[in-house]
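Here is a friendly briefing to read alongside the model. Please keep the sequence and the 3D view open as you go.

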Amino acid sequence: MVVIRLARGGAKARPFFNIVVADKRTRRDGRFIERIGFYNPIATASEESIRIAQDRLTYWQGVGAQASPTVERLINQAAKKAA
């Protein structure tokens, strides 16, 4: 099964997450199929906190990839910010 989930990056106490498409059996920060965006929870007001490639997200959901609950929340948050 293919999932859309967060892969953690950044330093200690300074998290940064990549939004990736990966096989469900791989580790959280392990191998992934494609990086489709990022999420920076500690971004300042002048920085971009979330970016998702909507065309790739639509493609992967169309072929059956399931988003994790957190990524689903971030997708909704990005949609509200864009509208």
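The notes below go from the overall fold to the sheet, the core and the aromatic pairs.

This is a predicted model, in which local features need pLDDT of at least 70 and side-chain atom pairs count only at pLDDT 80 or more, while totals for chains, interfaces and linings use all residues. Residues are numbered from 1 along each chain as its sequence is written, and side-chain values use heavy atoms, with hydrogens and water left out. The chain has two helices and five strands, arranged along the sequence as β-β-β-β-α-β-α. Helices (H or I, at least four residues) and strands (E, at least two) are DSSP runs, numbered from the N terminus.

**Overall dimensions**

- The radius of gyration, taken over C-alpha atoms, is compared here with a globule rule of 2.2 Å times the number of residues to the power 0.38.
- For 83 residues, a compact globule would have a value near 12 Å, and the 13 Å of this chain agrees with that.
- Along the principal axes, the C-alpha atoms fill a box of roughly 35 × 35 × 20 Å.
- The accessible surface of the chain is about 5,500 Å², and 52% of that belongs to carbon and sulfur atoms; accessible areas come from the Shrake-Rupley method with a 1.4 Å probe, and for residues only the protein chains shown count as cover.
- Of the 83 residues, 31% count as buried, where buried means under 20% relative accessible area, exposed over 50%, and partly exposed in between (1.4 Å probe, protein chains only).
- Among contacts (heavy atoms within 4.5 Å) with a separation of 6 or more, 32% come from residues 24 or more positions apart.

- Five strands make an open sheet with mixed pairing and the order 4-3-2-1-5; two strands pair if DSSP finds at least two bridges between them.
- Strand 4 and strand 5 (66–67) are the edge strands, each pairing on one side only.
- Strand 1 and strand 2 run antiparallel and are joined by 10 bridges, with Leu-6 having Ile-19 in strand 2 as its bridge partner.
- These two strands form a hairpin with two residues between them, and Ala-13 in the turn has a positive phi of about 65°.
- Strand 1 also runs parallel to strand 5, with two bridges joining them; here Ile-4 has Ala-67 in strand 5 as its bridge partner.
- Strand 3 and strand 4 are antiparallel and share three bridges, and the bridge partner of Tyr-39 in strand 4 is Ile-50.

**The nonpolar core**

- A nonpolar core is a set of buried Ala, Val, Leu, Ile, Met, Phe, Trp, Tyr and Cys residues joined through side-chain atoms within 4.5 Å.
- The largest one has 16 residues, and Ile-4, Ile-19, Ile-36 and Ile-52 have the most contacts inside it.
- Two or more residues each come from strand 1 (2–11), strand 2 (14–23), strand 3 (34–39), strand 4 (50–52), helix 1 (54–62) and helix 2 (69–82).
- Helix 2 gives the most to this core, with four residues.
- Leaving aside neighbours within four places in sequence, Ile-36 is in contact with Ile-4, Ile-19, Val-21, Arg-51, Ile-52, Ala-53, Arg-56, Leu-57 and Trp-60.

**Aromatic pairs**

- The structure holds three aromatic pairs; rings of Phe, Tyr and Trp (its six-membered ring) pair if their centres lie within 6.5 Å, and planes under 30 degrees apart count as stacked, over 60 as edge-to-face and the rest as tilted.
- Phe-16 and Phe-38 form a stacked pair, because their ring centres are 5.6 Å apart and their planes are at 20°.
- That pair links distant parts of the chain, with Phe-16 in strand 2 and Phe-38 in strand 3, 22 residues apart.
- Phe-16 is partly exposed at 28% relative accessible area, whereas Phe-38 counts as buried at 11%.
- The rings of Phe-17 and Tyr-39 are also stacked, with centres 6.2 Å apart and planes at 20°.
- Phe-17 lies in strand 2 and Tyr-39 in strand 3, so this pair ties together parts that are 22 residues apart in sequence.
- Phe-17 counts as buried at 18% relative accessibility, and Tyr-39 counts as buried at 16%.

**A buried loop residue**

- Asn-40 lies in the loop between strand 3 and strand 4 and is buried, with a relative accessible area of 14%.
- Not counting residues up to four places away in sequence, Asn-40 touches Pro-15, Phe-16, Glu-47, Glu-48 and Ser-49.
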